Amino acid sequence: MKILVTGGAGFIGSHLVDRLMTSGHAVICIDNLYTGRKSNNAQWLDHPNFQFIEHDIINSIAIENIDQIYHLACPASPVHYQSDPIQTAKTNFLGTLHMLELAKQCRARLLLASTSEVYGDPLIHPQTEDYWGNVNCTGIRSCYDEGKRISETLAFDYHRQFGVEIRVARIFNTHGARMLENDGRVVSNFIVQALKGIPLTIYGDGSQTRSFCYVSDLVEGLMRLMNGKYIGPVNLGNPGEYTILQLAQTIQRMIDPTAALVFKPLPQDDPQRRQPDISRAKFHLGWEPTVPLEEGLSKTIAYFRDRLAN
Ligand SMILES: NC(=O)c1ccc[n+]([C@@H]2O[C@H](COP(=O)([O-])OP(=O)(O)OC[C@H]3O[C@@H](n4cnc5c(N)ncnc54)[C@H](O)[C@@H]3O)[C@@H](O)[C@H]2O)c1
């Protein structure tokens, strides 16, 4: 198959590219390298089945004969999506619009990488896909949360109005190799701080919860969704729920038991609880995560240890 991956030079996208290339597909990666790195695709750059196109999807692009589009392009960490919020909103609206137009023209199936952030600061727990969310539309996270909500709306309207085949994944916190060390996400923050011997920063009292999915599990879920019959939206994440304090203590124990923990004020609109209900993914995709937290963390730690050493 000829498969387009937007955001394919980023963290999740590059792991997906690896899986697709290894499976023998022809892969086109579109990325503007805003948070992605060409080096994440290094092993494929000279491969005859791989094409890298540096392009910003807020502008349209013409490509022919594509069978599937995995649409992942969008900065995912608050530090990056908030540094240019208008660009983030444009990427989510115009970028998704352009990719849906491409899907319509090529009669390709498009999978949208949406997010648990569409639930905002959720009032139900754990979050099921039929929950409509509790999102602030004027806050500093809105360019991303509301951006992903309009992306989902566009996908479903292209499906209803033009018959475009869509799949919608709501991804929860994911970690693994190729995350950026400066992206402010909690797993990379704690690991990099512990490796550098500086105190681990906990925002708030650390009682807020998150779930952490290892990237190989997530990529498997994305591929099952794309190639299955179920449109979604479907939560993809690890249902294991940990407080931020528990995560900090686990990483502290795994890297440096003497590392200090410091507490700082909670940022605006930071969700209190986050845990996916993955019943739909289990039922429709036969999918659930298989990598336990500490096993995944040890791989992520090994990656950052290597990266900081070089
Ligand atoms: N990592 C997570 O925990 C997580 C959680 C929920 C949802 N997601 C979603 O998964 C997708 C991938 O996330 P990630 O963690 O790999 O993030 P990432 O920042 O590593 O990757 C995003 C990629 O998109 C590219 N990009 C951004 N704007 C673009 C534009 N306008 N045109 C072309 N390319 C552009 C970036 O350069 C980068 O390579 C995103 O859509 C994100 O919203 C990720």
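This dialogue covers the domains, their interface and the ligand site of a predicted model.

Me: What should I know about numbering and confidence?

Reply: Residues count from 1 along each chain as its sequence is written, and side-chain values use heavy atoms, without hydrogens or water. The model is predicted: local features need pLDDT of at least 70, side-chain atom pairs need pLDDT 80 or more, and totals for chains, interfaces and linings use all residues.

Me: How is the protein chain divided into domains?

Reply: Bounds come from an automatic or database domain assignment. Here, domain 1 spans 2–175 + 212–239 + 279–285. Domain 2 spans 186–208 + 241–271 + 292–309. Their centres, over C-alpha atoms, are 26 Å apart.

Me: How many residues are in contact between the domains?

Reply: Contact means heavy atoms within 4.5 Å. On that basis 13 residues of domain 1 touch 17 residues of domain 2.

Me: What area is buried between domain 1 and domain 2?

Reply: Buried area is the accessible area (1.4 Å probe) that two parts lose on being put together, summed over both. Here that is about 1,300 Å², with 56% from carbon and sulfur atoms. Arg141, His175 and Phe212 supply 44% of the area domain 1 buries against domain 2, more than any other three residues.

Me: How many salt bridges are found across the interface?

Reply: The rule wants a side-chain nitrogen of Lys or Arg within 4 Å of a carboxyl oxygen of Asp or Glu. It finds zero between domain 1 and domain 2.

Me: Which residues come nearest the ligand?

Reply: Near means a heavy atom within 4 Å. Of the 31 residues around the ligand, Asp31, Thr35, Tyr144, Lys148 and Arg185 come nearest.
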